[in-house]
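Notebook open, model loaded. I'm jotting down what I look up as I go.

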Amino acid sequence: MEITMNKKDLANFKKILIQKRTELLNKTNNAHREMDTDSDINVGDEIDTASQNNEKEMYFELAVNDKIALDAINDALAKIEKNTYGKCECCNNIIPVERLKAISWTRYCVQCQEEAENPKNKK
Ligand SMILES: [Zn+2]
C-alpha cells in the first residue's frame, strides 16, 4: 500500500474539504437568518410555541453536528498542509482512499471508528 497519497488526490481532497466547509458555513448562516424571521411571526397559542421550541432544538442539534464536522474539516485541511492527511489519528495507519472519498474529513480508519462507536465490542 502506498504510504503517501499522490498530489492529484491530495489536491482533490483539499478542494472537496474547502467546498464542504463553505457549504456548512453558509448553511449555519442561513439557519440563523431563518430563526430570526420565525421569531417575528405570530407567537400565538401554545401549539405554535411548542413547535417553535422543537425547531430551536433541531437547529441546535444541527449546529452541534455542523460544528463537529467543521472542526474535523479544519483539522483535515491543516493535516494536508503538514502532509499527515489520510492517517488515522488513533492507530496511525493509512486510511484507505475509498473511505476518504466517502468522508474526506474522517479522523479515523474504519476499525478505530467502530471501536470508538462501540467500545464494548473491543476485543
Ligand atoms: Zn485507526
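Where is K79 found? I find K79 in helix 2; helices here are DSSP runs of H or I with at least four residues, numbered from the N terminus. Before going on, I note that this is a predicted model, where local features need pLDDT of at least 70, side-chain atom pairs count only at pLDDT 80 or more, and totals for chains, interfaces and linings use all residues. Residues are numbered from 1 along each chain as its sequence is written, and side-chain values use heavy atoms, with hydrogens and water left out.

**Confidence.** I looked up pLDDT, the predictor's confidence in each residue from 0 to 100. The protein averages 83, and 79% of the residues score at least 70. Helix 2 has the lowest confidence, with a mean of 82, and helix 3 the highest, at 94.

**Back to K79.** Is K79 buried or exposed? K79 counts as buried because its relative accessibility is 12% (buried is under 20% relative accessible area, exposed over 50%, partly exposed in between, with a 1.4 Å probe and protein chains only). Not counting residues up to four places away in sequence, K79 touches T84, Y85, E89 and R107; contact means heavy atoms within 4.5 Å.

**Zinc site.** Which residues coordinate the zinc ion? I get C88, C91, C109 and C112, each through SG, at 2.2 to 2.3 Å (donors are N, O and S atoms within 2.8 Å of the metal, or 3.2 Å for Na, K and Ca; water is not among the atoms, so sites may look incomplete). The donor spacing in sequence reads C-x2-C-x17-C-x2-C. C88 sits in the loop between helix 2 (46-82) and helix 3 (97-102) and C112 in helix 4 (residues 110-117), so this pair ties together parts 24 residues apart in sequence. I also see that C88 and C112 are both buried.

**Aromatic pair.** I find one aromatic pair in the structure. F13 and Y85 form it, tilted, at 5.6 Å centre to centre and 55 degrees between the planes (Phe, Tyr and Trp rings, the six-membered one for Trp, pair if their centres lie within 6.5 Å; under 30 degrees is stacked, over 60 edge-to-face, the rest tilted). F13 lies in helix 1 and Y85 in the loop between helix 2 and helix 3, so the pair ties together parts 72 residues apart in sequence. F13 and Y85 are both buried.

**L100.** Leaving aside neighbours within four places in sequence, I see L100 in contact with M5, F13, Y85, G86, I95 and T106.

Technical notes: Helices (H or I, at least four residues) and strands (E, at least two) are DSSP runs, numbered from the N terminus.
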